[in-house]
Amino acid sequence: SISNFLEIYPMASIFFYQDKLHLKIASFYHNIKPLVYKKVIAINKLEKFQEKLHASRTLFIKTVRQCLIPITTQITNGSENAIEEYLDVIIELLVYDEFVNDFIVAYNLIDDIKEYQQLNKKIDSIKYDYLLKSLELINKPYAELKENELQEQQLEIQTNSTNMENAIFQSLINNVKDILPHLKDGFILKCLRYYNMDSEKVINTVLENNLPSELAQYNSNLSSMSEYENNATDYDPTINGCMKLENLCLLDDKSFRNEIR
(Lines give C-alpha, C1' and ligand atoms only; values in the text may rest on other atoms or scores of the structure.)
Protein backbone atom coordinates (compact mmCIF):
# COMPACT_ATOMS: atom_id res chain seq x y z
CA SER A 1 0.00 0.00 0.00
CA ILE A 2 0.99 3.67 -0.32
CA SER A 3 1.09 3.94 3.46
CA ASN A 4 3.58 1.10 3.77
CA PHE A 5 5.68 2.60 0.98
CA LEU A 6 5.79 5.96 2.79
CA GLU A 7 6.87 4.25 6.00
CA ILE A 8 9.79 2.68 4.14
CA TYR A 9 10.60 5.76 2.07
CA PRO A 10 9.15 8.84 3.84
CA MET A 11 10.91 11.25 1.45
CA ALA A 12 8.36 10.24 -1.19
CA SER A 13 5.73 12.18 0.76
CA ILE A 14 7.18 15.38 -0.73
CA PHE A 15 6.22 14.27 -4.24
CA PHE A 16 2.81 13.01 -3.14
CA TYR A 17 2.12 16.31 -1.38
CA GLN A 18 3.14 18.32 -4.44
CA ASP A 19 0.87 16.13 -6.57
CA LYS A 20 -1.99 16.79 -4.09
CA LEU A 21 -2.53 13.10 -3.47
CA HIS A 22 -4.14 13.99 -0.12
CA LEU A 23 -6.99 15.74 -1.95
CA LYS A 24 -7.47 12.85 -4.36
CA ILE A 25 -7.69 10.34 -1.51
CA ALA A 26 -10.08 12.58 0.45
CA SER A 27 -12.32 12.96 -2.61
CA PHE A 28 -12.36 9.20 -3.23
CA TYR A 29 -13.08 8.51 0.45
CA HIS A 30 -15.89 11.07 0.57
CA ASN A 31 -17.67 9.64 -2.47
CA ILE A 32 -17.08 5.92 -1.97
CA LYS A 33 -17.57 5.44 1.77
CA PRO A 34 -21.37 6.12 1.83
CA LEU A 35 -21.92 3.92 -1.24
CA VAL A 36 -19.97 1.00 0.20
CA TYR A 37 -21.79 1.11 3.53
CA LYS A 38 -25.16 1.47 1.82
CA LYS A 39 -24.46 -1.61 -0.30
CA VAL A 40 -23.13 -3.70 2.59
CA ILE A 41 -26.11 -2.81 4.77
CA ALA A 42 -28.51 -3.59 1.91
CA ILE A 43 -27.18 -7.15 1.64
CA ASN A 44 -27.11 -7.47 5.44
CA LYS A 45 -23.35 -8.07 5.60
CA LEU A 46 -22.23 -5.14 7.75
CA GLU A 47 -21.24 -7.29 10.71
CA LYS A 48 -19.19 -9.55 8.45
CA PHE A 49 -17.26 -6.73 6.75
CA GLN A 50 -17.19 -4.18 9.58
CA GLU A 51 -13.63 -4.92 10.64
CA LYS A 52 -12.25 -4.83 7.08
CA LEU A 53 -14.07 -1.59 6.29
CA HIS A 54 -12.70 0.01 9.43
CA ALA A 55 -9.17 -1.11 8.55
CA SER A 56 -9.51 0.34 5.04
CA ARG A 57 -10.78 3.67 6.33
CA THR A 58 -7.94 3.86 8.83
CA LEU A 59 -5.40 3.20 6.07
CA PHE A 60 -6.78 5.98 3.85
CA ILE A 61 -6.73 8.47 6.73
CA LYS A 62 -3.21 7.47 7.72
CA THR A 63 -2.00 7.90 4.13
CA VAL A 64 -3.33 11.46 3.97
CA ARG A 65 -1.59 12.22 7.24
CA GLN A 66 1.65 10.87 5.78
CA CYS A 67 1.22 12.99 2.64
CA LEU A 68 1.10 16.08 4.85
CA ILE A 69 4.36 15.25 6.63
CA PRO A 70 6.41 17.74 4.54
CA ILE A 71 4.28 20.66 5.73
CA THR A 72 3.91 19.48 9.35
CA THR A 73 7.67 18.95 9.54
CA GLN A 74 8.23 22.56 8.52
CA ILE A 75 5.81 23.66 11.24
CA THR A 76 7.74 21.61 13.80
CA ASN A 77 10.92 23.34 12.64
CA GLY A 78 9.35 26.72 13.40
CA SER A 79 8.20 27.90 9.98
CA GLU A 80 5.33 30.37 10.39
CA ASN A 81 4.60 30.33 6.65
CA ALA A 82 4.10 26.57 6.85
CA ILE A 83 1.27 27.06 9.34
CA GLU A 84 -0.67 29.23 6.91
CA GLU A 85 -0.05 26.71 4.14
CA TYR A 86 -1.32 23.92 6.39
CA LEU A 87 -4.49 25.87 7.15
CA ASP A 88 -5.07 26.32 3.42
CA VAL A 89 -4.72 22.57 2.92
CA ILE A 90 -7.33 21.85 5.60
CA ILE A 91 -9.68 24.43 4.07
CA GLU A 92 -9.36 22.60 0.74
CA LEU A 93 -10.27 19.35 2.50
CA LEU A 94 -13.44 20.78 4.07
CA VAL A 95 -15.56 20.00 1.00
CA TYR A 96 -14.99 16.30 1.69
CA ASP A 97 -16.83 16.18 5.00
CA GLU A 98 -17.13 12.38 5.10
CA PHE A 99 -13.35 12.22 5.13
CA VAL A 100 -12.76 15.25 7.35
CA ASN A 101 -15.10 13.92 10.04
CA ASP A 102 -13.06 10.72 10.40
CA PHE A 103 -9.78 12.62 10.08
CA ILE A 104 -10.80 14.86 13.00
CA VAL A 105 -11.49 11.84 15.18
CA ALA A 106 -8.29 10.01 14.24
CA TYR A 107 -5.83 12.87 14.62
CA ASN A 108 -7.36 15.58 16.86
CA LEU A 109 -7.30 18.04 13.98
CA ILE A 110 -9.13 20.73 15.95
CA ASP A 111 -6.54 20.61 18.74
CA ASP A 112 -3.73 20.88 16.17
CA ILE A 113 -5.20 24.04 14.69
CA LYS A 114 -5.69 25.62 18.12
CA GLU A 115 -2.05 24.86 18.88
CA TYR A 116 -0.89 26.41 15.59
CA GLN A 117 -2.95 29.49 16.36
CA GLN A 118 -0.82 30.01 19.45
CA LEU A 119 2.38 29.51 17.44
CA ASN A 120 1.50 32.03 14.72
CA LYS A 121 -0.77 34.87 15.79
CA LYS A 122 0.09 36.92 12.71
CA ILE A 123 -2.49 35.01 10.68
CA ASP A 124 -5.91 36.68 10.67
CA SER A 125 -8.03 35.28 13.50
CA ILE A 126 -11.02 35.19 11.14
CA LYS A 127 -9.31 32.39 9.23
CA TYR A 128 -8.79 30.37 12.38
CA ASP A 129 -12.36 30.97 13.54
CA TYR A 130 -13.82 29.97 10.19
CA LEU A 131 -11.79 26.78 10.10
CA LEU A 132 -12.53 25.77 13.69
CA LYS A 133 -16.27 26.42 13.38
CA SER A 134 -16.40 24.48 10.11
CA LEU A 135 -14.64 21.50 11.67
CA GLU A 136 -16.88 21.59 14.73
CA LEU A 137 -20.00 21.62 12.53
CA ILE A 138 -18.73 18.67 10.51
CA ASN A 139 -17.87 16.76 13.69
CA LYS A 140 -21.08 17.66 15.58
CA PRO A 141 -23.16 14.60 14.53
CA TYR A 142 -20.31 12.29 15.56
CA ALA A 143 -19.86 14.10 18.88
CA GLU A 144 -23.60 13.82 19.59
CA LEU A 145 -23.50 10.12 18.76
CA LYS A 146 -20.60 9.55 21.16
CA GLU A 147 -22.46 11.51 23.84
CA ASN A 148 -25.53 9.31 23.38
CA GLU A 149 -23.38 6.19 23.58
CA LEU A 150 -21.79 7.49 26.78
CA GLN A 151 -25.20 8.16 28.32
CA GLU A 152 -26.35 4.66 27.39
CA GLN A 153 -23.24 3.17 28.99
CA GLN A 154 -23.80 5.19 32.17
CA LEU A 155 -27.44 4.08 32.28
CA GLU A 156 -26.37 0.46 31.87
CA ILE A 157 -23.86 0.83 34.72
CA GLN A 158 -26.54 2.37 36.95
CA THR A 159 -28.98 -0.41 36.06
CA ASN A 160 -26.41 -3.10 36.81
CA SER A 161 -25.59 -1.40 40.10
CA THR A 162 -29.28 -1.26 41.05
CA ASN A 163 -29.75 -4.92 40.14
CA MET A 164 -26.75 -5.86 42.26
CA GLU A 165 -28.08 -3.84 45.20
CA ASN A 166 -31.50 -5.48 44.89
CA ALA A 167 -29.87 -8.92 44.81
CA ILE A 168 -27.97 -8.13 48.02
CA PHE A 169 -31.16 -6.88 49.69
CA GLN A 170 -33.05 -10.00 48.67
CA SER A 171 -30.30 -12.27 49.99
CA LEU A 172 -30.36 -10.54 53.39
CA ILE A 173 -34.16 -10.63 53.46
CA ASN A 174 -34.05 -14.37 52.80
CA ASN A 175 -31.60 -14.80 55.68
CA VAL A 176 -34.10 -13.19 58.04
CA LYS A 177 -37.08 -15.10 56.64
CA ASP A 178 -35.30 -18.41 57.16
CA ILE A 179 -35.71 -17.75 60.90
CA LEU A 180 -38.76 -15.47 60.86
CA PRO A 181 -40.85 -16.60 57.89
CA HIS A 182 -43.97 -14.71 59.06
CA LEU A 183 -42.34 -11.31 58.47
CA LYS A 184 -42.92 -9.56 55.16
CA ASP A 185 -40.15 -8.37 52.84
CA GLY A 186 -40.88 -4.67 53.23
CA PHE A 187 -40.75 -4.78 57.02
CA ILE A 188 -37.51 -6.77 56.95
CA LEU A 189 -35.97 -4.29 54.52
CA LYS A 190 -36.91 -1.43 56.82
CA CYS A 191 -35.19 -3.21 59.71
CA LEU A 192 -32.12 -4.04 57.62
CA ARG A 193 -31.66 -0.41 56.68
CA TYR A 194 -32.05 0.63 60.30
CA TYR A 195 -29.40 -1.88 61.43
CA ASN A 196 -26.97 -1.12 58.59
CA MET A 197 -27.81 -4.29 56.61
CA ASP A 198 -26.98 -6.60 59.53
CA SER A 199 -29.45 -9.49 59.18
CA GLU A 200 -28.26 -11.20 62.37
CA LYS A 201 -28.94 -8.04 64.36
CA VAL A 202 -32.44 -7.84 62.89
CA ILE A 203 -33.20 -11.45 63.81
CA ASN A 204 -31.95 -11.07 67.39
CA THR A 205 -33.81 -7.80 67.95
CA VAL A 206 -37.11 -9.20 66.71
CA LEU A 207 -36.74 -12.44 68.70
CA GLU A 208 -35.97 -10.49 71.85
CA ASN A 209 -38.96 -8.23 71.23
CA ASN A 210 -36.64 -5.25 71.47
CA LEU A 211 -37.57 -3.24 68.40
CA PRO A 212 -36.83 0.49 68.68
CA SER A 213 -39.75 2.88 68.40
CA GLU A 214 -38.71 3.81 64.86
CA LEU A 215 -39.46 0.23 63.76
CA ALA A 216 -42.13 -0.81 66.25
CA GLN A 217 -44.64 1.58 64.69
CA TYR A 218 -44.70 -0.41 61.45
CA ASN A 219 -46.96 -3.33 60.66
CA SER A 220 -44.92 -6.47 60.01
CA ASN A 221 -47.58 -7.70 57.57
CA LEU A 222 -47.06 -4.82 55.16
CA SER A 223 -44.98 -5.92 52.21
CA SER A 224 -43.82 -2.68 50.58
CA MET A 225 -42.06 0.48 51.70
CA SER A 226 -44.89 2.67 50.40
CA GLU A 227 -47.30 0.85 52.69
CA TYR A 228 -45.13 1.73 55.68
CA GLU A 229 -45.32 5.40 54.88
CA ASN A 230 -49.11 5.29 54.79
CA ASN A 231 -49.74 2.85 57.64
CA ALA A 232 -47.43 3.78 60.52
CA THR A 233 -50.29 3.32 63.00
CA ASP A 234 -51.27 1.40 66.13
CA TYR A 235 -48.05 2.32 67.88
CA ASP A 236 -48.31 3.04 71.57
CA PRO A 237 -45.11 4.67 72.91
CA THR A 238 -46.06 3.63 76.46
CA ILE A 239 -45.49 0.02 75.51
CA ASN A 240 -41.76 -0.72 75.48
CA GLY A 241 -41.02 -1.39 71.81
CA CYS A 242 -44.07 -3.62 71.26
CA MET A 243 -46.81 -3.08 68.68
CA LYS A 244 -50.45 -3.79 69.45
CA LEU A 245 -50.62 -5.66 66.19
CA GLU A 246 -51.62 -9.25 66.65
CA ASN A 247 -48.90 -10.88 64.56
CA LEU A 248 -45.95 -9.12 66.11
CA CYS A 249 -47.28 -9.63 69.65
CA LEU A 250 -46.93 -13.34 69.01
CA LEU A 251 -43.31 -12.70 69.91
CA ASP A 252 -44.43 -12.28 73.52
CA ASP A 253 -45.53 -15.91 73.48
CA LYS A 254 -42.59 -17.92 74.88
CA SER A 255 -43.78 -21.14 73.26
CA PHE A 256 -43.79 -19.42 69.86
CA ARG A 257 -40.30 -18.02 70.42
CA ASN A 258 -38.98 -21.41 71.48
CA GLU A 259 -40.57 -23.04 68.46
CA ILE A 260 -38.93 -20.79 65.89
CA ARG A 261 -35.58 -21.10 67.64
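This is a predicted model: local features need pLDDT of at least 70, side-chain atom pairs count only at pLDDT 80 or more; totals for chains, interfaces and linings use all residues.
**Ser-3 and its neighbours**

I began with Ser-3 and looked up what it touches: leaving out residues up to four places away in sequence, Ser-3 is in contact with Leu-59, Lys-62, Thr-63 and Gln-66 (contact means heavy atoms within 4.5 Å). Ser-3 sits in helix H1, residues 2-8; helices here are DSSP runs of H or I with at least four residues, strands are runs of E with at least two, and both are numbered from the N terminus. Is Ser-3 buried or exposed? I found Ser-3 buried, because its relative accessible area is 1% (buried is under 20%, exposed over 50%, partly exposed in between, with a 1.4 Å probe and protein chains only).

Residues are numbered from 1 along each chain as its sequence is written, and side-chain values use heavy atoms, with hydrogens and water left out. The chain has a mean pLDDT of 77, with 75% of its residues at 70 or more; pLDDT is the predictor's confidence in each residue, from 0 to 100. I marked residues 225-261, where the pLDDT is below 50; this stretch still has 57 contacts in the model beyond near neighbours in sequence.

**The chain as a whole**

I counted 15 helices and zero strands. Of the 261 residues, 36% are buried. I also looked at contacts between residues at least 6 apart in sequence, and 64% of them join residues at least 24 apart.

**Helices H5 and H6**

Next I turned to H5 (residues 69-76) and H6 (residues 80-93), whose axes come within 8 Å and cross at roughly 145 degrees (axes are lines fitted to C-alpha atoms, for helices over the stretch in contact, with angles from 0 to 180 degrees between N-to-C directions). From H5, the contact uses Ile-71, Thr-72, Gln-74 and Ile-75, and from H6 it uses Ala-82, Ile-83, Glu-85 and Tyr-86.

**Helix H7**

Which residues of H7 (residues 97-107) are buried? I listed Phe-99, Val-100, Asn-101, Asp-102, Phe-103 and Ile-104. After H7 comes Asn-108, with a positive phi near 50 degrees.

**Gln-170**

Last, I visited Gln-170 in helix H9, residues 125-179. I noted Gln-170 as partly exposed, because its relative accessible area is 34%. The C-alpha atom of Gln-170 is 8.4 Å from that of Asp-185, 15 residues apart along the chain.
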